Amino acid sequence: MDYFDEQNSKFYDFLNETFKINKERNWDNIAKQITKEKIVRTYRYFSKLYPINFNYTDELIKCNTDFTNIHYSTLKGSKIIDEVVRFSLYSDKILVFHPLQNPSVTSHAYNPTKNPKLWLPDFLESLYFYTVLQKWVRAGIVKLIINPCEYNLKLRDEIDSLTEKRFSEAVKEGLAKDKIFQDEIQQDLAAQFANIFHNKNRAQIIENLLVIEQPSFSIQEAEDFADKIIEIMPKSNPLYKKLSADLKGRSMVNPTKGGGSLDSLLYIADKTGGNLYTPSETNWNIIKNFGVNDFWVKTNKLYSDIPLTFLNNVDTNFALELKKENRLAGVRQELKKIYKELDSTTVDNFNPQKLKFIQEGFMEEINKAESEWKLIRKQAETSRMQWVGANLAVPIVTNHISLLPLVIGSAAWFYKNEIDVKEKLKNYRQKTPVSVFVDLKNQRQSYFTELKNCIF
């Protein structure tokens, strides 16, 4: 275990003990465990684990593995599973940033340990985030890290200076007018309101929106935005539903966190040998404008956009088996073949038609692999049916003849046939790395919105 593994293990032990996460069976019971005192203790413990002016860069360098992906998006419990698990199919390690606000790097006036009610949304979002990721972190697939640029003042100034130079006023104005950027901002805002208004109907939501001063809404805007809020509600943070009323304050901070600026993430990528990936169109456009032209950064973009829901629903056990069977390197090699055109395609030449053509190549390989998989399965099923038919007929044709030799011979034939099928599937998986996706598509999945699937 490296430094971050040890710190994460300590932190999860603390969360499980404090909020009984590994003993409860539903989100409501965890929500009932949340008190002002426990919130303060959590922030204090986190700041003790990650003090300021510690050399986190050196610890990140030790995290360097053969193939690491770095998550570059908003840190939301409702999204993080889908944004992480598909990349476990070809990543040795996925680096994700801690979402919890650290008092060590927060000004005294806004310190969460002094005013926990102010930071309630940050705490609840973080606790939800940590809970749904627990199995992935414990399994060693996801590594939670902190951004060293926030803890080293000299380094932070250097990175901020780079970001300031890159983000000219013209770029800022362009983002303010960018429809994709505005849509993502609205989605994040709607998600925050969905948590706050979880127990209100449409009319009540509209009424509440109209009295807000910042941002202000016209009647039509309030009605449209209420519909967005209601649409998001099924995916809202479940910890709000049974939360004690005395925890809620009149003024609360609702931060939207994403791990840091692109400059700081590129710094981390350089130290860890990692590759950025983002499901956010805004972040992707920033990467393009920055000129990041790494093969795997481009591959990650295409991979994020593939409209296959089964890629989002990966079980930790399945991901661990892939590691044990050493199939990940083969998957990466296959992706290199499928996406070979990306070597000669710059990030600013990514057009929709080109993307569609390359993604069709990925789908074609999966379909070819699945056809072979189905043929092996069909042959196995046919052999089993023949065996059943032959054994059902035995009593009719044998009369008083001893059945033992026939039964032994039949069982031996059945056993040999099953071994042959396993060997065929093994050979198939070895020569067809894309079979990983076929196995995933045809296995029974568990989902992560239920608490038990996050911790067991």
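For reference, strands here are DSSP runs of E with at least two residues, helices are runs of H or I with at least four residues, and both are numbered from the N terminus.

Before going on, I noted that this is a predicted model, where local features need pLDDT of at least 70, side-chain atom pairs count only at pLDDT 80 or more, and totals for chains, interfaces and linings use all residues. Residues are numbered from 1 along each chain as its sequence is written, and side-chain values use heavy atoms, with hydrogens and water left out.

**Entry 1, overview.** I looked up the secondary structure and found 20 helices and four strands. Of the 456 residues, 48% count as buried (under 20% relative accessible area; exposed is over 50% and partly exposed is in between, with a 1.4 Å probe and protein chains only). I then turned to contacts (heavy atoms within 4.5 Å). Taking those between residues at least 6 apart in sequence, 82% join residues at least 24 apart.

**Entry 2, the sheet.** Back to the strands: strand 2 (residues 93-97) runs parallel to strand 3, and four bridges join them. Two strands pair if DSSP finds at least two bridges between them. I traced the order of the open four-stranded sheet as 3-2-1-4, with parallel pairing. Its edges are strand 3 (142-145) and strand 4 (275-277), each of which pairs on one side only. From one strand to the next, the twist averages 30°.

Angles run from 0 to 180 degrees between N-to-C directions, and axes are lines fitted to C-alpha atoms, for helices over the stretch in contact. I also checked helix 14 (residues 295-305), which lies across strand 1 and strand 4 and runs at about 20° to strand 4.

Helix 7 (residues 153-166) packs against helix 12 at an angle of about 125°, with the axes 8 Å apart. That angle makes helix 7 oblique to helix 12 (under 35 degrees is roughly parallel, over 145 roughly antiparallel, 65 to 115 roughly perpendicular, and the rest oblique). From helix 7, I listed Leu155, Ile159, Leu162, Thr163 and Arg166 in the contact; from helix 12, Leu262, Asp263, Ser264 and Tyr267. By class, this contact has five nonpolar, two polar and two charged residues. Ala, Val, Leu, Ile, Met, Phe, Trp, Tyr, Cys and Pro count as nonpolar, Asp, Glu, Lys and Arg as charged, and the others, Gly among them, as polar.

Helix 9 (residues 179-196) has 18 residues and reaches 26 Å from first C-alpha to last, close to the 26 Å expected at 1.5 Å a residue (1.5 Å times one less than the number of residues). I found Asp188, Ala190, Gln192, Phe193, Ala194 and Asn195 to be its buried residues. These pack against helix 5 (77-85), helix 6 (120-138), helix 10 (202-210) and helix 11 (219-232).

Asn208 sits in helix 10 and counts as partly exposed because its relative accessibility is 26%. Beyond its neighbours within four places in sequence, Asn208 contacts Phe197 and Lys200. Glu59, in helix 4 (residues 56-61), counts as buried at 14% relative accessibility. Not counting residues up to four places away in sequence, Glu59 touches Tyr3, Phe4 and Phe54.
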